[in-house]
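Dear colleague,

I am handing over a structure for you to look at, and below it I have set out what was found. Please keep the structure open while you read.

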Amino acid sequence: MAAVANSIFTPATAARFDKLATIYPLKRSALVPMLLYAQDEVGYVSDEVVAELAVRLDLLELDVRGVLSYYSMLRTVPAGKYNVQVCTNISCMLRGGFELLDHCKHKLGIGHKGVTADGLFSLEEVECIGACCWAPAVQVNYDFHENLTPAKMDAVLADYAAGKGKNEPPSPSIGSAAPEAK
Ligand code: FES
């Protein structure tokens with residue numbers, strides 16, 4: 001691993017990255033988990049994150065940006081405190097996913113990739129989030145909400161706004177972002 005002086009990450013995350021860079025046969029395989037952990041800590045993948053991860057993995061920044069642009073769950077701009085991801089893929093679409101998305105747009109006053117003025121919520125239309133059996137489904141940060149209706153969605157949003165969302169306080173716990181090889 002290339003030496004990183006003055007890491008932008010907390011000591012715990014920097015130590016995690018030190019380890020991640022050593023456990024894969026190809027060092028660059030650590031890039032996606034590192035991007036997810038970095039996003040959890042910083043809030044998005046900033047230019048500074050890109051620069052440090054490139055150094056850590058002996059990559060060009062262009063290599064990092066190529067991977068970054070491929071994965072829709074990676075952000076290059078800050079999201080709201082609660083990132084509301086509404087699935088409109090086939091199962092959810094058949095069970096009201098688009099109506100739910102329109103409802104959220106209206107309720108929050110923002111569109112796809114928008115952030116509310118108070119920074120509390122952001123909204124995204126996403127592809128399947130793996131909860132098809134319980135469609136329509138929405139993911140808020142790392143929490144799933146299923147079998148939703150507009151009325152149930154209102155309750156979900158109200159709970160988060162009141163600081164009483166599922167698994168509150170929101171865990172920016174970097175341990176939940178990606179599986180880590182031992
Ligand atoms: S189609 Fe929406 S969770 Fe799979």
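Which residue in E2 does Val-86 stand opposite? Val-86 stands opposite Glu-125 in E2. Before going further, please note that this is a predicted model, in which local features need pLDDT of at least 70 and side-chain atom pairs count only at pLDDT 80 or more, while totals for chains, interfaces and linings use all residues. Residues are numbered from 1 along each chain as its sequence is written.

The sheet

The names of elements come from DSSP runs, numbered from the N terminus, with helices (H or I) of at least four residues and strands (E) of at least two. An open sheet of 4 strands has the order E2-E1-E3-E4 with mixed pairing, where two strands pair if DSSP finds at least two bridges between them. Strand E2 (121–126) and strand E4 (143–145) each have a single partner strand and stand at the edges, so one side of each is left without a neighbour in the sheet. E1 and E2 pair in the parallel sense over 6 bridges, whereas strand E3 (residues 138–140) runs antiparallel to E4 and is joined to it by 3 bridges, with Phe-144 in E4 as the bridge partner of Gln-139.

The cores

A residue is called buried if 20 or more other C-beta atoms lie within 10 Å of its own, exposed if 12 or fewer do, and partly exposed in between, with C-beta atoms placed from the backbone. By that rule 5 of the 6 residues of E2 are buried. A nonpolar core is a set of buried Ala, Val, Leu, Ile, Met, Phe, Trp, Tyr and Cys residues joined through C-beta atoms within 7 Å. The largest one has 20 residues, of which Val-84, Val-86, Leu-100, Cys-104, Val-138 and Met-153 touch the most other members. The elements that give two or more residues to this core are E1, H6, E2, E3 and helix H7 (150–161). A second, separate core of 17 residues includes Phe-9, Met-34, Val-49 and Val-50.

Helix H2

In helix H2 (residues 31–42), the buried residues are Leu-31, Met-34, Leu-35, Tyr-37, Ala-38 and Gln-39. Their cover includes helix H1 (11–23), helix H3 (47–56) and helix H4 (61–70), judged by contact, that is, by C-beta atoms, placed from the backbone, that lie within 7 Å. After H2 comes Gly-43, whose phi is positive, near 105°.

With best wishes

Notes. Expected span 1.5 Å × (residues − 1). Contact = placed C-beta atoms within 7 Å.
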